[in-house]
Amino acid sequence: MAIKKSVLYSSLRASCDELRGSMDASQYKDYVLILLFVKYVTDKYKADPRSLIFVPKDGSFDAMVKAKGTKDIGDRINKIIGKLAEENDLKGVIDVADFNDDTKLGKGKDMVDRLTNLIAIFENPQLDFSRNKAGGDDLLGDAYEYLMKHFATESGKSKGQFYTPSEVSTVMARVIGVSNAKSKDTTLYDPTCGSGSLLLKAVDQSPVGLTIYGQEKDNATVALAKMNMILHDQPTADIHQDNTISTPFFKNNDGTLKTFDYVVANPPFSTKSWSNGIDPLDDKYKRFELGIPPAKNGDYAFFLHILKSLKSTGTGAVILPHGVLFRGNAEADIRRNIIKRGYIKGVIGLPTNLFFGTGIPACIIIIDKEQASSRKGIFMINASKGFVKDGNKNRLRQQDIQKIVETFNNLLEIEHYSRMVPVSEIEENDYNLNLPRYISSGDKEDVQDIEAHLRGGIPNADIDEFSEYWELFAELRDKLFVQNSKDGYSNSKYKAEEIAEVVSNHEEFKDYRTATKSVVDSWVLHTKEVLNNLEPGFNPKEVIVGLSDDLLNKVSGVKLIDKYDIYQILMTYWAEVFQDDLYIITQDGWKVDIRDVLYESGKNKGKPKKGEWTSDLLPKKIAICEYFKNEQKEISKLNNTIEDLNSRMDQLVEEHSGDEGVMEEVKSDAGNVTLKNVREWLKEFEDDPNLTEEVEIINSYLEMDKEMKTLKKELKSKEKELDDRLLSKYKKLTEEEIKQLVIDNKWIKTIEGRIMEEVDRIPTKLSNRIRELITRYTDTLPEIEGEVKKFEYKVHLHLQKMGFLDKKDLFQITTLYRISENINDDTDIANDIARNKYRNIFSSEFGDLMKELQDLNSSHVFTRRFKKLLVEIEESYKMFFQFYDKTIDSFYGWSQEEFEPKKQYLLGLLVKSIYVSGVEILKIFKGALDIEHGYIKQFQETRNKLFIHSLDPKGFNVKIELDSPLNTDGSIHCRLINYEDKNTETETGELFPFLDLYRFFEYLEENKQEIKDFLNSLSKDE
């Protein structure tokens, strides 16, 4: 059976997990890749003894399997690998890791278990490489790259340098023109080859193959590259270890540098020690004739080495940090000389955070010596926005790769993305190649129209932005908008919430969808023909390239959709499902792959589950939908019945749980109802005449449980019957039936459905933007301000009802202080009134106010200041109630004797709390009167006239003089209370009974107009 890429990947992840914690992630490769390599070459050798790698019995993976569980397993693995290396001239390549190192793999049983588990992972029957056919080796090579990426990700920045993301490698390989190679003798070189991924991606683009050369400074990474070449069926690749700048390995007989047809490279960014071992002023290879790079930045050192290593007809691509395009001084001189000679064909700006060694943005510089003398411009692409977030890194999507490659190879000029920049323009910019100088970002600011905010209407300029829609849907624009009375503005004929339905149901869009569907149908027709003709041995990657290219060509003429978005839909499905299916077919043909379902964890991990089977190529649900619809409907109906019954049982338990519920008595310590407890309870209390209702509940539960068992038994029987019939059907399926189910019902149905979903999002995009404009300009600023005025007036009324003050009604607080006269008679009554009745009045008023606030806020678009105001008001009310409750709590726990002497103080404190909170709310609302303490500070009796002083820190003192005989004798009794010190009470006059205070505020209420008039007549200076 063919190997699924997903199975291989999961095995590699599992092997890394076995090593996690015992060593640094950068060292995983020293163990996992070697085991992968040994397993691969062993399987290939068993299938074909003429394989390039000779595998002796005592140097095979089978020998490792025999070593599982042995005490000296580490030493035995070392000897097995050593034997394989010795027989195939791989010393120093595959024997670099010590499998007997107890500092990394643990001691004693720990090492035995870890290595045994590692071997067992690769022993998985689904990982049999012996039957790999055409394209099969690519599967393993891709898995190698997957694992290299895993190492780079796990290792962090400093240890991810040996891996270039495969997506970037693919771009480089496809833009340097290796597809034009005429013979395998065409040479390809990477002076900083790392693990070899760039070289292999480039070779993969050549129809005839290439001769590979690579050099890498790090010895361990060279070993990775050599293994990678063997796994990718490139065993003759010439890879050497040494410093490329100081000691280049590849030279001609006369000592000059060897030159190559193609060069790809991802040198270390901005290395500081590039000149170690050489004298740049006297370089014997004459690499620095165009200028000497800065002593502490080697980016151009590698670039100049690549230039010197290219034939006069050669092309190359190199990844460098974005700074090489614009940095000054020595680098500016080098850049000027390179541009003047016409060596740079193009520059591709990449997104930030793509690489594992750095987060800075990078670029690909494409070199072309052959056309250098006639070059009049440099083709630039700003691809910095095309990526997807992948963990803590960014990654190019397939659509991003395709767009870059297609744009560059065809020199397509796309607004805000790419253009051919004349050398003369670059010269005017002092040979600065910074991409934003030549390609604008295209980001548009969402401009707000002040006139529309003031007077209403939607600016026609905003509507005109949808010109590409109106070109197709001319009637739709007239259906949606009507000219406003002001020139340059329109009104919507519909409410914002109606727009989506109007747009999606419009005839013009329906016609557009039909036309687009016919284009997709033409691709589907061709795709079905290609897939129906597939025979074992085909190359899956060639198939997907052909199908994706055809899809791009078909949809490129469809307006309003991005052809690369459609392309990505196909490539996403390729990664999820399609590629695994094609690898199965290329190796096994059009046969249904029936296999056991394995345990994924626990003691039986990796073992088959009894009676359970599955199929990767033809999932059960597809065949069931085709052949057993009615049976599946019965099972679904039965599942729904079970679910409903389960809900009723849960409801019964919930209703009769709790302190006095019978179901609480039959729960286990874990809080679950158990049948054992239910039966024991029934046995004990069934005949108790006092528990008739409880017995009935328990019996109801048992009846439902009995019904549940019957239903589940029936369900299991029907599922088993369907599964047996399905398995029987699978075994009888013909090749034509399998093709129809897999191609039509699995592949095409999914891909076509996703494409049409993308098409159906087009009216949604238009609707959302139009709805946004309608909402933005519906409520004009004057209308909003009018609503705010109304709102402020309503708040004013509420504050009056609650007794709080505003700027002009400074003493209008009577209703807040109308506590029952009974407060003098009984402490409990006082508590009840204060805590319940009085507080409920506040809560009710506050609730009404906040409801109006929220209703107003939800129906209109208010400013941030207004919304912040709502929060502050609510917080202030919360503060008031906290203060209020704390004050009332002081009453509790006092005897009558304790209460009486302190009654007046407490009541005064209560009055203070109400007054302070009220003024605080007013301060928030009005923002005009900054009263910090704003409570009645003094009551004084002077010549039967009342003077009330209200503090204002800004000096706004209000003095009111009124003739007010509040008592029968025409006098008023006051007490000045020091609120800061509970023990100090200063009397001014006679005792001030609370009833008099009540009458005093009542008087103020009755005479409020007179008070208002008096206040208005006062100046601030008074």
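Trainee: Which backbone oxygen does the side chain of threonine 186 reach?

Mentor: The backbone oxygen of serine 183, at 2.9 Å. Bear in mind that this is a predicted model.

Trainee: Where does threonine 186 lie?

Mentor: Look in the loop between helix H8 (166-175) and strand E1 (187-190).

Trainee: Is threonine 186 buried or exposed?

Mentor: Start with the cut-off: buried means under 20% relative accessible area. Threonine 186 has 12%, so it counts as buried.

Trainee: Which residues is threonine 186 in contact with, leaving aside its neighbours within four places in sequence?

Mentor: Ala181, Leu210, Thr211, Asp261 and Tyr262.

Trainee: Let me step back to the whole chain. How many helices and strands does the chain have?

Mentor: The secondary structure comes to 33 helices and 21 strands. The chain has 1022 residues, and 49% of them are buried.

Trainee: What share of the contacts with a separation of 6 or more comes from residues 24 or more positions apart?

Mentor: Such residues account for 71% of those contacts in the chain.

Trainee: Now sheets. How do strands of a sheet pair?

Mentor: Strands pair through backbone hydrogen bonds, either parallel or antiparallel. Here, take the open sheet of 3 strands with the order E12-E14-E13. Its pairing is antiparallel.

Trainee: Which are the edge strands?

Mentor: Strand E12 (458-459) and strand E13 (481-483). Each of these two pairs on one side only.

Trainee: How many bridges join E13 to strand E14?

Mentor: There are 3 bridges between E13 and E14, and E14 covers residues 489-492.

Trainee: Next, pockets. What volume does the second largest pocket have?

Mentor: About 1,000 Å³. Its lining is made of 30 residues.

Trainee: Which lining residues lie nearest the centre of the second largest pocket?

Mentor: Lys403, Glu415, His416, Asp562 and Asp565.

Trainee: Which helices each supply at least two residues of that lining?

Mentor: Find helix H13 (398-409), helix H17 (467-472), helix H22 (563-588) and helix H27 (735-778). H13 gives the most, with 4 residues.

Trainee: How many residues of the lining are nonpolar, polar and charged?

Mentor: The lining of the second largest pocket divides into 14 charged, 9 nonpolar and 7 polar residues.

Conventions: Residues are numbered from 1 along each chain as its sequence is written. This is a predicted model: local features need pLDDT of at least 70, side-chain atom pairs count only at pLDDT 80 or more; totals for chains, interfaces and linings use all residues. Side-chain values use heavy atoms; hydrogens and water are left out. Two strands pair if DSSP finds at least two bridges between them. On a 1 Å grid over the protein atoms alone, a cavity is a set of points where a 1.4 Å probe fits but cannot get out, and a pocket is an open set with protein on both sides within 12 Å along at least five of seven lines; lining residues have an atom within 4 Å of a point. Grid points are joined across faces, edges and corners, and a volume is the space filled by probe spheres set on the points. Ala, Val, Leu, Ile, Met, Phe, Trp, Tyr, Cys and Pro count as nonpolar, Asp, Glu, Lys and Arg as charged, and the others, Gly among them, as polar. Buried means under 20% relative accessible area, exposed over 50%, partly exposed in between (1.4 Å probe, protein chains only). A polar contact is a pair of N or O atoms within 3.5 Å; within protein, one must be able to donate a hydrogen and the other to accept it, and residues adjacent in sequence count only if both atoms are side-chain atoms. Contact means heavy atoms within 4.5 Å.
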